[in-house]
Amino acid sequence: MNSTLPDTENPLRAGLKRKMTAAPPVLVIFGATGDLMRRKLMPALYDLAYDRLLPAGFSVVGVGRRDKDDDIFRAEMLEAVNEHARRTPARPEVWEDFARNIFYHRLDFEQAERYDSLQERLHRIDGDRQTLGNRIFYLATAPRHFGPILEKLHERGMIRKGQPRQGWTRVLVEKPFGSDLESARALNRQISALFDESQVYRIDHYLGKETVQNILVFRFANGIFEPIWNRKYVDHIQITVSEKLGMEGRGAFFDGVGVLRDMVQNHMLQLLSLVAMEPPVSLAADSVRDEKVKAMRAVRPMTPEEVSRQVARGQYGPGFAGGKPVPGYREEPGVAPDSGTETFMALKLFIDNWRWAGVPFYLRSGKRLPRQATELTVQFKAVPHALFPDSDGSALEPNLLIIRIQPDEAISLRVAAKIPSPEIRIQPVLMDFRYGSFLGAEPPDAYERLLLDVTLGEATLFTRRDEVEVAWSVVTPILEGSRPGETFPNYEAGTWGPQAAFDLIEADGRQWRKL
């Protein structure tokens with residue numbers, strides 16, 4: 001690939017040189033005509049190529065059912081890069097060099113005989129690009145296609161079980177990984193029959209975000225926080241994932257899923273496990289994932305009675321977004337007019353171990369909320385004796401540690417400080433670390449890190465089989481105990497969710513943090 005930055009200006013590339021000496025792979029993306037390919041995957045691959053973080057000869061084969069050739073596909077991918085990549089417009093010399101390694105292959109996922117032509121094409125690329133049979137199969141399709149694709153790849157001998165030095169196979173699986181515990185187990189069994197676990201990369205793009213990765217660094221590289229990261233000093237923890245958008249054409253998909261499956265089971269439980277886990281013995285992939293699994297296994301299962309007290313479900317009705325009227329969920333295209341699917345959920349969880357016993361974890365996520373934000377807040381306990389009450393006699397605001405994951409990635413610490421005055425007057429102030437200000441540029445997209453990691457065989461930021469299953473076991477009692485949404489819709493679009501969500505946390509004498 002053409003040079004864009006010398007190694008002295010690109011420390012990440014310099015640090016990866018030794019890992020990149022092996023033969024490059026062919027990345028085969030099933031579902032290459034979809035929105036994910038256009039908005040995320042190809043822009044991320046281009047940005048990696050721009051930074052020279054892909055090995056020479058790295059090739060991409062987009063597989064889809066639409067009729068097009070390599071030139072049409074490359075032109076469409078260039079449009080996607082110019083619209084969605086971090087570095088736009090595409091630099092001609094970088095794109096031309098990269099685009100020579102981009103191909104399109106038309107394939108009906110259900111037709112076994114069509115996989116012969118794909119196999120022949122991959123063999124030709126091996127000879128031309130010296131990829132030596134290294135394959136990454138990326139399942140970026142609807143979940144119903146996962147099984148048929150894997151079966152047909154196996155029937156044609158395109159999957160090699162195990163991890164040889166050359167001619168290796170890896171599979172990258174997009175979410176949703178199952179729709180409940182049993183379907184997740186069934187998919188895991190199917191994949192395990194064809195691959196060793198070390199070959200399987202289940203993707204949760206939240207784990208590729210810089211601020212999410214920084215949770216580990218913040219906790220385990222700083223001696224001042226880990227000693228107070230426990231039930232003795234922490235009052236409670238909040239995790240919020242709020243979305244301004246409604247369905248945006250995804251109504252038919254979302255109506256069979258809901259927020260619990262779409263956000264809580266994967267993204268939010270991953271954040272919870274990172275903030276709650278014990279220190280790993282090393283940064284090896286399985287060491288980190290072992291501790292995440294232990295944290296999720298310690299989540300207290302809910303009884304049906306506890307589900308009714310500790311879970312609040314919601315569905316948005318008509319309202320306003322950005323000052324404009326927007327329809328309610330049941331008026332969205334593809335949504336049943338009497339749908340009981342939740343578009344909002346708030347819940348209270350407990351982790352029953354020595355570190356977190358008695359500390360509530362409050363999670364909330366919803367669509368058509370006032371702001372687009374993902375934030376994790378650790379609220380510390382109040383000082384034991386108020387020497388400095390406010391002028392009105394109320395207690396001081398508690399210390400907060402705020403980890404903002406999107407947008408505007410940042411870490412903030414709220415402390416009390418004296419206002420310049422002859423009197424002692426206290427005001428909370430934020431000590432901010434903002435990634436954009438520190439780096440002088442926006443951080444890499446999550447898919448950049450994840451695509452690079454699977455190329456290098458680094459699995460830390462991907463979910464393991466037992467991780468997926470224990471996450472489903474956490475949400476299963478909630479799925480089974482949730483009542484139909486007879487009162488839906490119960491919050492207006494553009495507001496912060498139903499009153500039940502406020503009642504849930506205020507019953508404990510606490511409040512949701514205002515984003």
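Two strands pair if DSSP finds at least two bridges between them. Helices (H or I, at least four residues) and strands (E, at least two) are DSSP runs, numbered from the N terminus. The structure described here is a predicted model, in which local features need pLDDT of at least 70, side-chain atom pairs count only at pLDDT 80 or more, and totals for chains, interfaces and linings use all residues. Residues are numbered from 1 along each chain as its sequence is written, and side-chain values use heavy atoms, with hydrogens and water left out.

**The sheet**

Eight strands make up an open sheet of mixed pairing, in the order E8-E12-E13-E7-E14-E15-E16-E17. Its edge strands, E8 (311-314) and E17 (426-434), each pair on one side only. On average, neighbouring strands of this sheet are turned by 15° against each other, direction ignored; angles run from 0 to 180 degrees between N-to-C directions, and axes are lines fitted to C-alpha atoms, for helices over the stretch in contact.

| Strands | Sense | Bridges |
|---|---|---|
| E14 (residues 373-380) and E15 | antiparallel | six bridges |
| E15 and E16 (residues 410-418) | antiparallel | five bridges |
| E16 and E17 | antiparallel | nine bridges |

Thr-377 has Ile-402 in E15 as its bridge partner. Leu-400 stands opposite Arg-414 in E16, and Val-415 is opposite Val-429 in E17. E15 and E16 form a hairpin with three residues between the strands, where Asp-408 takes a positive phi near 55°.

Strand E15 (residues 400-406) has six of its seven residues buried, so E15 is largely enclosed by the rest of the structure. Buried means under 20% relative accessible area, exposed over 50%, and partly exposed in between (1.4 Å probe, protein chains only).

**A helix across the sheet**

Helix H8 (residues 210-220) lies across E14, E15 and E16 and runs at about 145° to E15. H8 is mostly covered, with eight of its 11 residues buried. Among the buried residues of H8 are Ile-215, Leu-216 and Phe-218, and also Arg-219.

**Two packed helices**

Two packed helices are described by the angle between their axes and the distance between the axes. Helix H11 (residues 285-297) and helix H15 (residues 465-481) pack at about 15°, and their axes are 9 Å apart. H11 and H15 are therefore roughly parallel to each other; angles under 35 degrees count as roughly parallel, over 145 as roughly antiparallel, 65 to 115 as roughly perpendicular and the rest as oblique.

In H11, Arg-289, Lys-292, Val-293, Met-296 and Arg-297 meet Asp-466, Glu-467, Val-470, Ala-471 and Val-474 of H15. The residues of this contact of H11 with H15 divide into five nonpolar, no polar and five charged. Contact means heavy atoms within 4.5 Å. Ala, Val, Leu, Ile, Met, Phe, Trp, Tyr, Cys and Pro count as nonpolar, Asp, Glu, Lys and Arg as charged, and the others, Gly among them, as polar.

**Backbone details in loops**

Most residues other than glycine have a negative phi, and most peptide bonds are trans. Thr-88 and Pro-89 are joined by a cis peptide bond with omega about -10°, and Pro-89 is in the loop between helices H3 (70-84) and H4 (92-99). Another cis peptide bond, with omega about 5°, joins Lys-175 and Pro-176; Pro-176 sits in the loop between strand E5 (169-173) and helix H7 (181-194).

Arg-368, in the loop between strand E13 (360-366) and E14, has a positive phi near 60°. Arg-368 counts as buried at 10% relative accessibility.
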